[in-house]
Amino acid sequence: MKTLVTGGAGYIGSHTAIELHDAGHEVVILDNHSNSARAAVTALRSLTRHDLPFVECDIRDATALDGVFSEGGFDAVVHFAALKAVGESTVEPLRYYDNNVAGTARLLDRMAAHGIKTLVFSSSAAVYGNPAAMPINETCPPDPQSPYARTKLIVEELLRELQAADPDWRISILRYFNAVGAHASGAIGEDPCGVPNNLLPFIAQVAVGRLERLSVFGDDYPTPDGTGIRDYLHVIDLAQGHLKALDYLGRNKGVFVHNLGTGKGRSVLDVVRAFERACGRSIPHRIAGRRAGDVVVSYADPTKARDELGWTPKYDLARICTDLWRWQSTHPHGFGDQKA
């Protein structure tokens with residue numbers, strides 16, 4: 001398949017682009033570099049030994065999208081291009097709705113205009129909020145707790161309405177739990193702009209000396225050690241889920257929702273200890289107040305993805321931390337250590 005990967009220079013998008021290429025897909029990367037590095041594209045081309053086509057473009061730019069799609073031959077879009085920081089979304093909601101909701105609507109409009117009706121959408125377990133029971137399966141009622149999460153749920157609803165209006169659409173909604181880790185080569189990994197909003201990249205930057213200490217947001221939650229619990233999934237396992245979703249859409253029309261997670265919850269302090277073992281260093285940390293928009297416990301029931309997509313994660317938390325440390329220790333300043 002010829003596949004456009006929006007946000008393909010970003011963290012999850014870049015790892016998925018590699019897996020798509022290695023599986024034989026013709027990949028075109030689109031990114032506006034609002035939260036990604038140009039050097040990531042260079043690294044992708046080196047890893048794949050292929051001059052992957054890249055277009056610098058914003059998904060809200062209809063004219064630019066028409067230029068991309070007019071090249072012809074596209075079979076599908078894997079859509080990652082979104083703003084994703086929970087805390088940031090609570091102080092900049094308009095920016096999140098503009099990019100995540102309006103941008104996706106613009107992308108879908110131009111896809112339809114060019115006859116491209118197969119989409120894998122990057123959603124989030126954040127749409128579930130604070131469910132009453134664990135693990136979380138796909139029938140759990142949504143209860144988003146942040147503007148970021150609400151933008152994801154709104155797009156999910158838009159996709160269902162689009163497919164109801166035009167049954168030729170084939171749409172996969174993948175609700176990610178916490179994507180972490182890095183490519184085994186150490187050549188690409190998560191490189192957030194500014195101070196990381198997510199736990200593991202923050203820990204990695206503390207370990208490498210880039211940041212002084214980790215702030216643990218809350219130690220008074222109703223959990224065994226008082227810290228929040230999440231389902232941490234290796235980014236390569238997550239990327240493989242997109243390949244499985246594309247294969248599934250090749251056989252099925254409709255809208256399909258799947259959780260991608262391990263089914264195991266780990267606390268913040270569990271993760272700190274696991275990373276200390278991987279890097280051989282202590283991680284200085286302090287307890288801070290709870291962070292707006294955070295949920296207490298969240299881990300997946302991945303049964304549906306296993307049964308319908310044939311997807312199961314392979315990598316555990318130790319492997320996640322080892323791969324992440326390989327990336328961070330060889331790139332202390334992320335892609336800033338390379339020439340664009």
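Residues are numbered from 1 along each chain as its sequence is written, and side-chain values use heavy atoms, with hydrogens and water left out. Because the model is predicted, local features need pLDDT of at least 70 and side-chain atom pairs count only at pLDDT 80 or more, while totals for chains, interfaces and linings use all residues.

Q: How many residues of strand β5 (residues 118-124) are buried?
A: Buried means under 20% relative accessible area, exposed over 50% and partly exposed in between, with a 1.4 Å probe and protein chains only, and strands are DSSP runs of E with at least two residues, numbered from the N terminus, as are helices (H or I, at least four residues). In a regular strand the side chains alternate between the two faces of the sheet. On one side of β5, T118, V120, S122 and S124 are buried, and on the other L119, F121 and S123 are buried as well. The number of buried residues in β5 is 7 of 7.

Q: Which residue of β5 is the bridge partner of V78?
A: Two strands pair if DSSP finds at least two bridges between them, and strand β4 (residues 76-79) pairs with β5 in the parallel sense over 3 bridges. Within β5, the partner of V78 is V120.

Q: Which residue in β6 stands opposite S122?
A: β5 and strand β6 (residues 170-176) pair in the parallel sense over 7 bridges. Opposite S122, β6 places L174.

Q: Which residue caps the N-terminal end of α11?
A: Helix α11 (residues 317-330) has 14 residues and reaches 20 Å from its first C-alpha to its last. A side-chain oxygen of the capping residue lies 3.3 Å from the backbone nitrogen of A318, where a polar contact is a pair of N or O atoms within 3.5 Å, one able to donate a hydrogen and the other to accept it within protein, and residues adjacent in sequence count only if both atoms are side-chain atoms. The capping residue is D316.

Q: Is R110 buried or exposed?
A: R110 lies in helix α5 (residues 93-113) and touches A62, L65, D66 and F69, not counting residues up to four places away in sequence, where contact means heavy atoms within 4.5 Å. Because its relative accessibility is 17%, R110 counts as buried.

Terms used. The expected span of a helix is 1.5 Å times one less than its number of residues.
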